[in-house]
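Student: I am new to this structure. Please take me through one part of it closely, and then show me what else goes with it.

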Amino acid sequence: MNAEPWLLGAAQLLFVLAAAPLLQGLIRRLKARLQSRSGPPLLQSYYDLAKLFVRSEMVAESASAVQFVAPWVVLGAMLSAATFIPMFGAATPLTTAGDLLVVIGLFALARAALTLGGMDSGSAFGQMGSSRELAVGALVEPALLLSLVALAVATGTTRLGEIVAIGAHEGAGFFDLQWALALLALTIVMLAETGRIPVDNPDTHLELTMIHEAMLLEYSGRSLGVLHLAGMVKQLLLACLLANLFFPLGLRASPDLALYLRGGALLAGKLVLVGVGLALAESTFAKMRLYELPDLLGSASLAGFVAVAITVWQS
Amino acid sequence: MEQLTGAALVVLLVASAAELTGISGRTRAGYWLSAIASLGAVTACTWILADGSTVEFDSWSPAPSLDLVWRMDALGAFFGVVVALVALFASVFAVRYSHRRQLDDALYPLFLLSMLGVAGAGNVFTFFVMWELMALTSFLLVLGDGQAHQRRVAALLYLGMTHVATVLAVASMLLLVDDVGGQGFKELGLAQPGPGARTSLALMLALVGFGTKAGLVPLHIWLPRAHPVAPSHISALMSAAMVATGIYGIARVGLDFLGPGEAWWGIVVMAVGAITAVLGVLYALMERDMKRCLAYSTVENMGIVTMALGAALSFRAAGQDALAAAALVAALVHTLNHAILKSLLFLAAGAVQHTAHSLDMDRLGGLIRTMPVTAGATLVGALGLAAVPPLNGFVGEWMLARSLISLAGGGGTVATRLAAAGSLALLALTAGLALACFVRLFGMTFLGLPRTEVRRREDAPTLMRLPLVALALMAVAAAAGAGGLVRVLRGVPQQLMPATGVRVEDAHRIVLSGGGSFSPATLAVVLLLLAPLPWLALRAAFGRTRRSRGHIWATGVTFGPAMQYTATSFAKPLRLFFRRVLLPERSVRVEYHGTSPLPRRVQYSGRVPAVIEERFYLPLRSAAIWSAQRVRAFQNGSVEFYLLYVFGALVVMLVVARR
């Protein structure tokens, strides 16, 4: 049995778990600086998680097993998705078991577990958050799919590793109008999926606007920590998709250790840039009303569709 | 296998007779015999399907050129499997569930017989005899005792629509019979007339005629009325198995009889499927009755299957038979998975109704504590229909999405490829909405606090839980063995195209010939490793967590069930997001008392109208009644006037004949 996929898988999972809180800390810090605050330390997310992991839990009397299982399913789905996403090279730990559609499916699985967990206790806040999360998720799904399909149609494959490999090899053809539109769609998807302004606000617990935080209200202790971690992992995975699929230069299909290390360094640099972009986006936009979201997410889907249409037209 | 199939049909007749004559009495022998016959039919049809052969049965002629011919090829055998599989579990469920009513109990085996007959018909005459038997038995089963107004309206609407549709379906097949000069399915399948005005007409007639049975928008209006009013085991059969016979008709005409056709056929079929899928799931989200919600979800899933048939037609028109075969297999896989999941959920709804005496999601809640087994099975069905991997509902949608990407990447004309991209977008929207729909269905029924008091604090009886658990296990098995399932199903396109569309490598992995592979089993293993791993790691690092229970914080007052969201409020964001499609109505009336600024009474009412029914069918009905009344003026009962008509007709005929 070939050991490389296993090693790569272990490396990617450890990277994802280790780097996700750092990216979160970076964005929080940058946002604070943009708002003229000094902000929390870069490593604050690790401290928060460590604190939550040792605390005891308080659960509602009406909670069933669903609430206990849900956080682990959410994290498990995110980690499984990580094994299909190219990170340090164009190779992925799992290749024939799934493709970009499966990654989108795993995001849906995480959303199912998260929303069911939020509804479990019967708390109106949790149910409200779940209701809104699912409504936003339904509109996000076409945009996410279309932005990735634009690349899939251009490269003739749905495997994320192959898309990156072909993109890195052909290079030049990647900076076209359809590329820019698909990138725009994925950027809007990322803002929505990570619960950021203008869709949601990660820093507030005001019931009128809450989406993501409302689903977590009945959680405490380790379960809450795991859900926070899963949210950060999701953010990192979307950032990796954005960084590697749209800026694949320098990634190789069958790298050796040196190329992997170089790819890792490239990825780190790209992720910092994505983090800066997210912080800037959150600081410049204002929160939208919930019922205006279809306009934003619909235009993301439209951008994705036009990207696919141009690709179809040209090929 | 012929003997086994024949025996199954005889057993069904015996079952019907036993119930009709009342011999079975309290033993419920009719349902047990139906279950045994279904088991036999599953075995026989699976064998025919796996063997890849075509079985011809003895025929019987009641009159010249009216031969009853039985013939089962792989396509027919597949739909036989779908029908018999659902029937097996529905029959076992009915033993405890069904309230005894002699006529219904006797009709039930005949309904099964007619559906199996549709799948096994070998010529046009036999097909429509069985088709009509199916329509009439299901009509009577929906009608029941016909005392409730709602049931009567639903049943009559169903009867009317199904007969108009049958006329069109008959016309479609007769057009082809006229060309070929024979009515056997074998000769029709060999003819392959290809593109042309007559074949285009035949396909469109088949799409409308059979599409009514499958519940395609805008012909779906009977489905969400008729399916839910029947008892749950009948609902399961109608919604999981009978709709599939509509798909069978479209596939039989479009992919077997017609052969490679025009490019626009696929575009039309894909578009109808995509619109059906989105509207079906949107209306499912707006329902608060569990069974109506499930019925609308059937509309959605038949839309998805129709999209796959459209993709297959598009690939065939472009001469890419291997990809067409893959799209057809996607349609079959989704039909089977939908049948398993939808019968599971309809039977679960029956169990909920049996125990909680309600199907209204706004009044249920918290049933997971009193009905853990039903809740677990429902969760599997709900997540499956929400198309969440690694469950089986995702498998067919993955194959369809992958086929549509191949079609967008290079399958014929630019219009076809843009249609594929558009269908893909709507498929993604459907999947997102289906997730919302089934999380809502499960969460509102089983999670939270009971919204009304449940008197019976126990799960459904064993004989009702047993089929639920078995169906949930089948859903898991259909996902884990997806590769093996596809290996069997590729025999269907092999007979029709001939191409297989999928490569065989492992029993767990699907490899499409257009590129792309997916292994639900591997994914499940990865998930089962990576979900508990962090749990173990954190436990090892930080020790066990201590848990204490407390009240839900509700701004200082005691939390009560009435403070929860309801199914209606849960759907509100989507109701508003899609308000231009759904056109929801709401009215709020506030009454004040004297000069007090505080309102005395606030009255709220809201509904989501069935737009297609009210904007299209009601005017159509009014127009029909109006013109009938105008025509009635001619029929005034006076003999003189009638003689005048006869004379007038004679004059007109003479004038016409002279020319």
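Tutor: The model is predicted. In chain B, helix α12 (residues 290-317) and helix α13 (residues 321-356) have axes that come within 8 Å and cross at roughly 175°. α12(B) and α13(B) are therefore roughly antiparallel to each other. Where α12(B) meets α13(B), the contact residues comprise 19 nonpolar, five polar and four charged.

Another helix of chain B is α15 (residues 372-385), with 14 residues. From the first C-alpha of α15(B) to the last is 20 Å, close to the 20 Å expected at 1.5 Å a residue. α15(B) is mostly covered, with ten of its 14 residues buried. Among them are Thr374(B), Ala375(B), Val380(B), Gly381(B) and Leu385(B). Just after α15(B) comes Ala387(B), which has a positive phi of about 60°.

Chain B also touches chain A. To this contact chain A gives 72 residues and chain B gives 67 residues. On the side of chain A that touches chain B, the elements giving two or more residues include α2 (44-54), β1 (57-60) and α5 (124-155) of chain A. α5(A) gives the most to that side, 18 residues. By class, that side of chain A has 41 nonpolar, 23 polar and eight charged residues.

Strands of the two chains pair as well: β1(A) and strand β6 (residues 547-550) of chain B run in the parallel sense over four bridges. Val59(A) has Arg549(B) of β6(B) as its bridge partner.

Definitions and conventions
Residues numbered from 1 in each chain as written. Chains lettered and ligands numbered in written order. Predicted model: local features only at pLDDT ≥ 70, side-chain atom pairs only at ≥ 80, totals over all residues. Contact = placed C-beta atoms within 7 Å. Nonpolar A, V, L, I, M, F, W, Y, C, P; charged D, E, K, R; others polar. Pairing = 2+ DSSP bridges. Axes fitted to C-alpha atoms, helices over the stretch in contact; angles between N-to-C directions. Parallel < 35°, antiparallel > 145°, perpendicular 65-115°, else oblique. Expected span 1.5 Å × (residues − 1). Buried ≥ 20, exposed ≤ 12 C-beta atoms within 10 Å, placed from the backbone.
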